[in-house]
Amino acid sequence: MAETTAPAAAAPTAPVLPRRRELLFGTAFGTAGVVMALVTLVGTYIATRDAAGAAWLAENEIPLTQPNMQLVTLGMSAVTMQWAVWSIGRDDRYYTYLALGVTLLLGVAFVNQTTFLYDFAEVTIAQTEGPLFYAVTAGHLAMVVAGIVFIVLMAFRALGGQFSSRQPDGIAAAALFWYACIGLYALIWFAVYVQK
Amino acid sequence: MALTETRPDTGHGDDTVVVDRPAPTQIERLVATGDHLSNGRLQIGFSLVFLAVSALGLGLAALDRVTDDGLLGGIAEPLWASSLVGLVLMGVVPLLLGLAIYVVPLQLGSPAIAFPRAASLSMWSWLVGAVLFVTSVVLDGGVGGSDDDGARIGNLSMGLMMVALSLGAVCVATTVMSHRPLGMKLARVPFFSWSMLVAAPIWILTFASAVAHIFVGQITQADAEALSANFDAGVSWMLRSPSIYMLAIPVLGIAADVVVHLTGRRLAAYGALQGAIAAFGVLSFGAWAQSSPAGQTIIWVVFAVAAGLPLLAMLGGLGDALRRGRVPAAAALGAAVLAHLLVLGAVLAAALQALDTAGSGDLFGLGTDALEAGLFMFVVSGAALGGIAGVLHWGERIFGAPAKEALSGVAGAALLLGGGLMATVLLVESIAQAARNGLVAGVLYGAVAVGAALFLVGVLGALVAVLGAARTSHEGSPAEGGDVIGSTLEWSGRGVALPGGPSTELAAVGSPYPLLDLRDGGVPDEETK
């Protein structure tokens, strides 16, 4: 019989549970930071605009129609994103892919609308308002693009069979980030475009 | 085939080309590893070095004030401001985060940290940022320097460090939330892990807000003067109360874990102490108080004064545990508990400031933020002392052997004296408005320089102590102090002797002290509620 030797010291092991919502929690903490940064930028924008008075963006024409449509677009994507979360929670893979696809389409439409607005408004980085205007709006645009990439990645992982009703974390994490994008746009819509 | 499926084993037939890849070198393994033990150890080591560099800068700037700007000339003021930033972003926060990256997964019985590659990226990005920041200070940039390029590098490197530290904080907080073993509810999380769960979101939110201002400074292509103004308006609030208290949150957890470990007893009112740490965390959130007028509001007064209550609660809880029996003298214990007193000094300074500035102000004739320099130094010294207490306490786990007690004690005492001296003198200087009197100001800044030197000696002493421990471990010398008996899961490795023998396993975590439960043969009734 083979001789067995016990280790010199005991090493009690903790019973391991499957990783619980790691991606969801990580996304939540990261999103909190991104939201805080953008909220700070919006606050700085408002303070600087108040100090500048009536001269702020006086040379630029920024219509409200375009931002309104952008808000509606993102608002609709909130419904489709929640549809994806609801579908994966019921193992309805067909509708999960469909909902993610529509959300992506609306996200790309938002990006398109934003670039159209930039062309129309003709705010230059050289003018006083330029850096802060783009810090806020392009910062949010970058967040939306990051959200689109996140959704695409999670959609591919869903296609690979990694998510189901027992493990919907990736879709839920992407949804959390997406909702933060939408909430922030509502803030920007009011603070930057409505109040001007 | 879906991308996520396991690649089929095709075997190695004669036609298979086997690529003989060279084994990665030691450095390649070090840089590419996602091992939290390796990354945490590196971050602790580098942060101690940068803490020493920052203390040196502070001492030199103070000496310059003694010599009436005769030592360093125009770079003294930027060096002072940059050293203060360095103490926070290059020293204290990364030290505590490095300790958390190492210890938190172990406390939870987890084999890895959440997002190990991100944690590794966090450490290396922070290191690059810290090196860039030191470079920018040398170029007369940093914070408040006059060289445009140097100031831009300083601004950028501050942002990089904050983003990197936030990323590390995300990994640690996620680990606590999602890597807990069976039965370990949040109410049973060890104190240090709990304190990091409280600290991480506060750090993330605070740094994110400061990074936004840094970003604005960067995209406006501002010159050195404008970047200095941008720092004063958008980032310096992070170094004032109540935000600066966020550095001390993990210290509360470290002290509680040290006391539990050394006394081997269960702390009464575990939940209440967790609540005290959480309350201190909430009261250290200061992004709302970015503008100077915020320091004259009743909310600021409430934050400044109320932060003392959870601190006193923690001290009461720890004192209760310590008075119930003999406790072995240990440098880590003394440092961890005395760190609380330094932080308490900051709260008292804040209360004084609050009394002066609340409402119409002018009670003592101080200006807004007059006491902030002393308050800052109290918190930073307390956090550094607490962090080093943690490093010494978990030194055997981190470096393979315990640090020498005598050297640790000297290091801790030097840190305490140095930090306390600097903070007290800066407080006195503000209250007495000594800047108006050149001779008195010279004497006081001489004392600050002495304090910085003592602080430097303390940090270097701690560095030598941990390096000595690592060397002892490497040489295989017998460890000082014999077997380690711990209460929480990070002690469940080498050197733990348990009555159950080598096959001992936990069915589930039933209390905050799983190893103590194993030794006691079960969970006490009051813990199961």
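**Chain B: helices and surface patches**

Helix H6 of chain B covers residues 191-219, 29 residues in total. From its first C-alpha to its last, H6(B) reaches 41 Å, close to the 42 Å expected at 1.5 Å a residue. This is a predicted model.

**Helices**

- H6(B) is mostly covered, with 24 of its 29 residues buried.
- Just after H6(B) comes Gln221(B), which takes a positive phi of about 55°.
- Helix H16 of chain B runs over residues 438-475 and holds 38 residues.
- The end C-alpha atoms of H16(B) lie 54 Å apart; at 1.5 Å a residue the helix should span 56 Å, so the two values agree.
- Gly476(B) follows H16(B), and its phi is positive too, near 75°.

**Negative patch**

- Four residues gather in a patch of negative charge on the surface: Asp147(B), Asp148(B), Asp223(B) and Glu225(B).
- Asp147(B) sits in the loop between helix H4 (116-138) and helix H5 (148-178) of chain B.
- The relative accessible area of Asp147(B) is 31%, which makes the residue partly exposed.
- Patch residues need over 30% relative accessible area, so Asp147(B), at 31%, passes that cut-off.

**Nonpolar patch**

- Leu56(B), Leu60(B), Leu63(B) and Val66(B) make a nonpolar surface patch of about 290 Å².
- Val66(B) belongs to helix H2 (residues 36-66) of chain B.
- Val66(B) is partly exposed, with a relative accessible area of 35%.

Conventions: Residues are numbered from 1 along each chain as its sequence is written. Chains are lettered from A and ligands numbered from 1 in the order in which they are written. This is a predicted model: local features need pLDDT of at least 70, side-chain atom pairs count only at pLDDT 80 or more; totals for chains, interfaces and linings use all residues. Side-chain values use heavy atoms; hydrogens and water are left out. Patches are made of residues with over 30% relative accessible area and no salt bridge: like charges are joined within 9 Å, nonpolar side chains (Val, Leu, Ile, Met, Phe, Trp, Tyr) within 5 Å. Accessible areas come from the Shrake-Rupley method with a 1.4 Å probe; for residues, only the protein chains shown count as cover. A salt bridge is a side-chain nitrogen of Lys or Arg within 4 Å of a carboxyl oxygen of Asp or Glu. Lys and Arg count as positive and Asp and Glu as negative; His and the chain ends are not counted. The place of a charge is taken as NZ of Lys, CZ of Arg, CG of Asp or CD of Glu. Helices (H or I, at least four residues) and strands (E, at least two) are DSSP runs, numbered from the N terminus. Buried means under 20% relative accessible area, exposed over 50%, partly exposed in between (1.4 Å probe, protein chains only). The expected span of a helix is 1.5 Å times one less than its number of residues.
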